[in-house]
Amino acid sequence: MIVSKVNPQITLDYLQTKRENQYFERKGLGEKETKPSKIAEEIIGMLNADGGVLALGVSNTGEIQDLSGLGEEQLSKYRTLIIDFIEPFGRVELEEIQIEGKLLFLYHVEQDVERIYKRKDNEQIFLRVDDTNRLLDRDVVRSLEYNKQIRKFEDEIVSDFDFNDIDLPILNRYKEVLNYKGDVLELLIKRHLAIKSNGAYRLKKAGVLLFAKDPEKYITSATLRYIRYEGDEALVGTELNVIKDERFETNIPRIIGNVKAFLKATLKDYYFLDLDSGRFNKVPEYPEEAWLEGVVNALCHRSYNVQGNAIYIKHFDNRLEISNSGPLPAQVTVENIRTERYARNPRVARALEDMGFVRQLNEGVSRIYRSMEKSMLSEPEYKVQNGNVYLTLRNKISQHTKTIPEPVLHVIQDKWSSFNETQKRILQHLFYNNKATIADFTDVTGINEKTIRLYLNQFVEQEKILVRLSHKIRDKNALYAFKRTVQDNKEH
């Protein structure tokens, strides 16, 4: 049941069960910080961030309460808090709705790409980050001012846009998820992605990025490019090692879908050692959750006002690099990127969130870390260099499909239950590090050298799954590795 005339996405179920996030906040009677000045602070945070809806009269558990019990004097304070506590005057629409005879207030907040809002009485400035409201210091305010200037780009009008270039299937999908019943072009106006002047519709750049068949026609380098290199470094000239170069030149929703399908087909699998069962399970070269979130974040946070520089996915043998133009936004740093959030292109981010491409952008960064850790891979690396943001995903064990043949894997799996804990740790260490000495194994296991040597000889001579990489009979620095071919033991 749709309960809002302003935003048809808001249903009774939405009010009661929607997870609080960047765009939605519940405030129930009797809960902390619900006096008018505190509600004003929440609205200030939304004005300075990406906008949203604050529902007053809905508890954290989803209980629908009745504001009419507050009395007219107190209700009047909630009606005028926008004027009493917020400066400058912002685009906030108060909608009073009735649900089963109970009065609720919905504050519909539209983010502002130019101005910064503060409390009128004490000049405090707030910013909404995910589902929390942050009081900002002076340095962050300066960063916020800078990012406000960049944000103007997505609100600029594309005066020569040809509406025959609209991707209607994608736009109709957007209309469907928002429960909107009117004309799709009117929907673009309601979501601040277009304007109507003298009876003519005019699309904003955010609308072009989201819904044009070919945004590149209107916004230079609004594309994503994938480059596959042979080896671990990018070479040039006669040593050029590019083996695949693909460009994705369409709107952001389709880029996400196309890149997802492309990378799923392109990335290889590797074996993951389950220490409990001893089974080698095949998993992707990089977890989909990590690289897909990295791509979505790049598309959301790119500084599209920086012309001539596409988003890049550079694929090397040992890593995947995703880069986009522009520094990290507002209060986000490499150190706090897992917890902080500020959308450089809030209209783009909001539409993608509506369509289900992202739940929350900083959640996405956390998922990148979690999925890499779950896959036993290195921690993601973020850096800012030469005006660009880089995300690097490294795969320490992606080469094991090349170095460990199937027969060796089968032997390990078949005999895993017969190995003791020290033997298992020897194999685990080799699996993650490719090669190791007896000293390495003693450090890892805490077991004496004589016992380690006994187990290694067993793996070399009886099980025939390891090889000793040294011609010397007594070589304390001899390396051990998984056997690659039947010739290994004869050569060493």
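This is a predicted model: local features need pLDDT of at least 70, side-chain atom pairs count only at pLDDT 80 or more; totals for chains, interfaces and linings use all residues.
Student: What makes H15 roughly perpendicular to H16?

Tutor: Their axes, which are lines fitted to C-alpha atoms over the stretch in contact, with angles from 0 to 180 degrees between N-to-C directions, come within 9 Å and cross at roughly 115 degrees. The scale calls angles under 35 degrees roughly parallel, over 145 roughly antiparallel, 65 to 115 roughly perpendicular and the rest oblique, so H15 is roughly perpendicular to H16.

Student: Which residues make this contact between H15 and H16?

Tutor: With contact taken as heavy atoms within 4.5 Å, H15 contributes Ile438, Phe441, Thr442 and Thr445, and H16 contributes Glu449, Ile452, Arg453 and Leu456. By class, these are four nonpolar, two polar and two charged residues, where Ala, Val, Leu, Ile, Met, Phe, Trp, Tyr, Cys and Pro count as nonpolar, Asp, Glu, Lys and Arg as charged, and the others, Gly among them, as polar.

Student: How do you know how helix H14 (residues 421-433) is oriented to helix H16 (residues 449-462)?

Tutor: The axes of H14 and H16 come within 11 Å and cross at roughly 70 degrees, which makes H14 roughly perpendicular to H16. This crossing is right-handed, and its contact is made by Thr422, Gln423, Ile426 and Leu427 of H14 together with Ile452, Tyr455, Leu456, Gln458 and Phe459 of H16. The contact has six nonpolar, three polar and no charged residues.

Student: Why are H2 and H3 called oblique to each other?

Tutor: Helix H2 (residues 36-48) and helix H3 (residues 72-85) pack at an angle of about 45 degrees, with their axes 9 Å apart, and they are therefore oblique to each other. H2 passes H3 in a right-handed crossing.

Student: What makes E1 and E4 the edges of the sheet?

Tutor: The open sheet of four strands has the order E1-E2-E5-E4, with mixed pairing, and two strands pair if DSSP finds at least two bridges between them. Strand E1 (24-27) and strand E4 (92-99) each have a single partner strand, so one side of each is left without a neighbour in the sheet.

Student: What makes glutamate 110 and arginine 347 a salt bridge?

Tutor: A salt bridge needs a side-chain nitrogen of Lys or Arg within 4 Å of a carboxyl oxygen of Asp or Glu, and here the distance from N to O is 2.5 Å. Glutamate 110 lies in the loop between E5 and strand E6 (118-119) and arginine 347 in helix H10 (residues 346-354), so the pair ties together parts that are 237 residues apart in sequence.

How values were computed: Residues are numbered from 1 along each chain as its sequence is written. Side-chain values use heavy atoms; hydrogens and water are left out. Helices (H or I, at least four residues) and strands (E, at least two) are DSSP runs, numbered from the N terminus. A crossing is left-handed if the near helix is turned anticlockwise from the far one by less than a right angle, and right-handed if clockwise.
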